[in-house]
Amino acid sequence: MNSVSANRFDIIRPDDWHLHLRDGNMLQAVVADSARQFGRAIIMPNLKPAVTTTAAALAYRARIQAALAHSGAGGAAAAFQPLMTLYLTDQTAPDEIRRASDSGLIHGVKLYPAGATTHSDQGVTDLLGHCRATLEAMQKHGMPLLIHGEVTDPSVDLFDREAVFIDRVLGPLRRDFPALKVVLEHLTTAQGVAYVRDADGPVAATITAHHLLYNRNALFQGGLRPHWYCLPVLKRETHRQALLQAATSGNARFFLGTDSAPHLRSAKEQDCGCAGCYTARHAMALYAMAFDSVGELARLEGFASLHGPAFYGLPVNTGRLVLERHADQVPERLFDGAREIIPLAAGECLPWRVLDTSSEP
Ligand code: NCD
Ligand code: ZN
């Protein structure tokens, strides 16, 4: 990080290692928000239907690039690279992993336990029962398994599902496949932090900005607030503090993944609202706010720009991103009419902003 002054600094252009871009109109609306800040992003495959094959992932990649070209995002944003993933199902064949690996454009395979979250109904019902040969192929090809780490057992309390997943699923998985690269996505608990920190072998975790900044009170402040509802759900303050400590510790196993997950306002504000927070527009400002809250802005570059590429075996970005201490209000709503989204922290004033570099060559 180059400290120009206490109020402005720049870092190597960051990457987002967990992002939902959706498809069609929604993709067209949101893609520039990520491209303006990040060099690359790991693109989640939970479309309808899910992205289960290499061919589908490459076709989705082309649609993202076309949307970017039509988004008006110029400068560094135009160079944004989508890093594709496959959606693991009970039927994913080992051969599909070889094809994905050979493509050079697919960087992970996503495990959604069936029923765990948005569009997870095509997900895995019994990982070690149905997917052994496929996991073997992933281990052999060095293809990371990106995990939504929550059990779906309805008898397990919603707030305990990550910790129980670690005991019931992750432990046995890593015992049987010790060389498999594993990323625990959107980590939310102190138990998760301890597991990732202390595990042997290639294990890492992404952490969202909202889990670093807010605890579960945010869901209920002044009433029921659907735009703060995501999965895994926000946890109690002790967990937030453990996450913040991990993210700002300099430990290379923890890196940035926004889990920005846009849903139409109408899909969130209803009697059974969707899970997912839209954070892409202000992502780096939110992360800067979190790191600044514990006086660790100097550690932001490692978390946002260095640790992820090291784990995925990719080069670090060459560009830079400038952050400036400057009040910036999150809009009350984004996009128009049929595409309306309420961003996380709508209407709030953030103390940091990204300097717009979109007009630079
Ligand atoms: C995500 C989505 O909407 O696709 N929702 C969320 O709450 N994070 C899915 C996911 O990552 O769990
Ligand atoms: Zn997600």
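What kind of site do the donor atoms of the zinc ion (ligand 2) form?

1. Please keep in mind that this is a predicted model. The site of the zinc ion (ligand 2) is irregular, with 4 donor atoms and angles among them of 92 to 139°. The label irregular applies because four donors count as tetrahedral only if all angles lie between 85 and 135 degrees.

2. Now to who holds the metal. The protein donors of the zinc ion (ligand 2) are His-18 and His-20, each through NE2, and Asp-259 through OD. These donors lie 2.0 to 2.1 Å from the zinc ion. Along the sequence, the donor residues follow the spacing H-x1-H-x238-D. His-18 and His-20 are both buried.

3. Next, the neighbours of ligand 1. It is surrounded by 15 residues, and the closest are Asn-46, Thr-117, Leu-231, Asp-259 and His-263.

4. Some polar contacts to check on screen. Oxygen atoms of ligand 1 are approached by a polar side-chain atom of Arg-22 at 2.8 Å and by one of Thr-117 at 2.7 Å. For Thr-118, a side-chain N or O atom is 3.2 Å from an oxygen atom of ligand 1. Taken alone, ligand 1 exposes 320 Å², and the protein buries 100% of that.

5. Finally, where does ligand 1 sit? Ligand 1 is found in the largest cavity.

How values were computed:
Residues numbered from 1 in each chain as written. Chains lettered and ligands numbered in written order. Predicted model: local features only at pLDDT ≥ 70, side-chain atom pairs only at ≥ 80, totals over all residues. Heavy atoms only, no water. Donors = N, O, S within 2.8 Å, 3.2 Å for Na, K, Ca; no water. Tetrahedral: all angles 85-135°; square planar, octahedral: opposite > 155°, others 65-115°. Buried < 20%, exposed > 50% of the residue type's maximum accessible area, 1.4 Å probe, protein only. Near = heavy atom within 4 Å. Polar contact = N/O pair within 3.5 Å; in protein donor to acceptor, adjacent residues only side chain to side chain. Areas by Shrake-Rupley, 256 points an atom, 1.4 Å probe, with all protein chains shown as cover. 1 Å grid on protein atoms, 1.4 Å probe; cavity = no way out; pocket = protein on both sides within 12 Å on 5 of 7 lines; lining within 4 Å. Sits in = over half its atoms within 2 Å of the grid points.
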